[in-house]
Amino acid sequence: MKVAICPGSFDPVTCGHVDIITRAAAMFDKVIVVVMVNSNKQPLFTQEERVELLKRATASLPNVEVDAYSGMLAEYAHQKQATAVVKGLRAVSDFEYEFQMALTNRKLNPQLETVFLTTNAEYLYLSSSLVKQMASLGGDIREFVPACIVNDILEKYGRNEET
Ligand code: ADP
């Protein structure tokens, strides 16, 4: 069985993430989406909340599981016998960091390949940070995140349910 991992902060999950996860699920037997801890970022949602939002957003994908992990990705992949890490690539700005991570992960776990999927053009500029910024300024985020999590984001900014 070919197992792939989709790691990230997912603070919160966006339509860009769901697009990458859906495409990965079509390529592998099983995909584990892992909420990692990124010490450089101060999250809006707790790790548990992010897992819960991802579970909801991927509920229609039967071969996708959601998990949380605080250690190193290469170690997690080894534990789960995963052979690939699937990442989405947006603009050039993602490239250098992702390249560095991919090389590091392969050094730590030589069996682990990193697969880059190019973002859907529609989501080229979409990021979790953009969604948070828009939500905090009263913008309409419905185009950018799965419908089932819109209210969870608005609530964090003290905004009422919108229809
Ligand atoms: P990180 O903290 O690693 O930046 P993110 O949660 O922002 O984590 O992103 C997780 C993964 O999803 C990364 O591989 C990132 O490149 C990818 N990704 C994020 N937004 C998009 C998008 N709009 N389109 C395609 N891939 C994306």
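## The shell around the ligand

In this predicted model, the shell around the ligand can be sorted by residue class: seven of its residues are polar, five are nonpolar and five are charged. In total, 17 residues surround the ligand. The closest of these are Ser-9, Phe-10, Lys-41, Gly-88 and Thr-119.

Several elements of secondary structure contribute to this shell. Strand S1, covering residues 3–8, and helix H1, covering residues 15–27, each provide at least two residues, as do strand S4 (84–89) and helix H4 (92–108). The greatest contribution comes from H1, which gives three residues to the shell.

In the case of His-17, the side chain is involved: one of its N or O atoms is 3.2 Å from a ligand oxygen. Thr-119 also takes part through its side chain, where a polar atom lies 2.8 Å from a nitrogen atom of the ligand.

How much of the ligand's accessible area does the protein cover? On its own, the ligand has 550 Å² of accessible area, and the protein covers 91% of it. The site of the ligand is the largest pocket.

## The loop between S1 and H1

The loop that runs between S1 and H1 contains Phe-10, a residue already listed among those closest to the ligand. The backbone of Phe-10 has a positive phi value, near 50°, although Phe-10 is not a glycine.

Pro-12 is also placed in the loop between S1 and H1. The peptide bond that joins Asp-11 to Pro-12 is cis, with an omega angle of about 0°.

## Overall fold and dimensions

The protein contains six helices and five strands. Followed along the sequence, these elements give the pattern β-α-β-α-β-α-β-α-β-α-α.

How does the radius of gyration of the protein relate to the value for a compact globule? A compact globule of 163 residues would have a radius of gyration near 15 Å, and the protein has 16 Å; the two values therefore agree. Along the principal axes, the C-alpha atoms fill a box of roughly 50 × 30 × 30 Å.

Notes:
Residues are numbered from 1 along each chain as its sequence is written. This is a predicted model: local features need pLDDT of at least 70, side-chain atom pairs count only at pLDDT 80 or more; totals for chains, interfaces and linings use all residues. Side-chain values use heavy atoms; hydrogens and water are left out. A residue is near a molecule or strand if one of its heavy atoms lies within 4 Å of it. A polar contact is a pair of N or O atoms within 3.5 Å; within protein, one must be able to donate a hydrogen and the other to accept it, and residues adjacent in sequence count only if both atoms are side-chain atoms. Accessible areas come from the Shrake-Rupley method with a 1.4 Å probe; for residues, only the protein chains shown count as cover. On a 1 Å grid over the protein atoms alone, a cavity is a set of points where a 1.4 Å probe fits but cannot get out, and a pocket is an open set with protein on both sides within 12 Å along at least five of seven lines; lining residues have an atom within 4 Å of a point. A molecule sits in a cavity or pocket if more than half of its atoms lie within 2 Å of its grid points. Helices (H or I, at least four residues) and strands (E, at least two) are DSSP runs, numbered from the N terminus. Ala, Val, Leu, Ile, Met, Phe, Trp, Tyr, Cys and Pro count as nonpolar, Asp, Glu, Lys and Arg as charged, and the others, Gly among them, as polar. The radius of gyration is taken over C-alpha atoms; the globule rule is 2.2 Å times the number of residues to the power 0.38.
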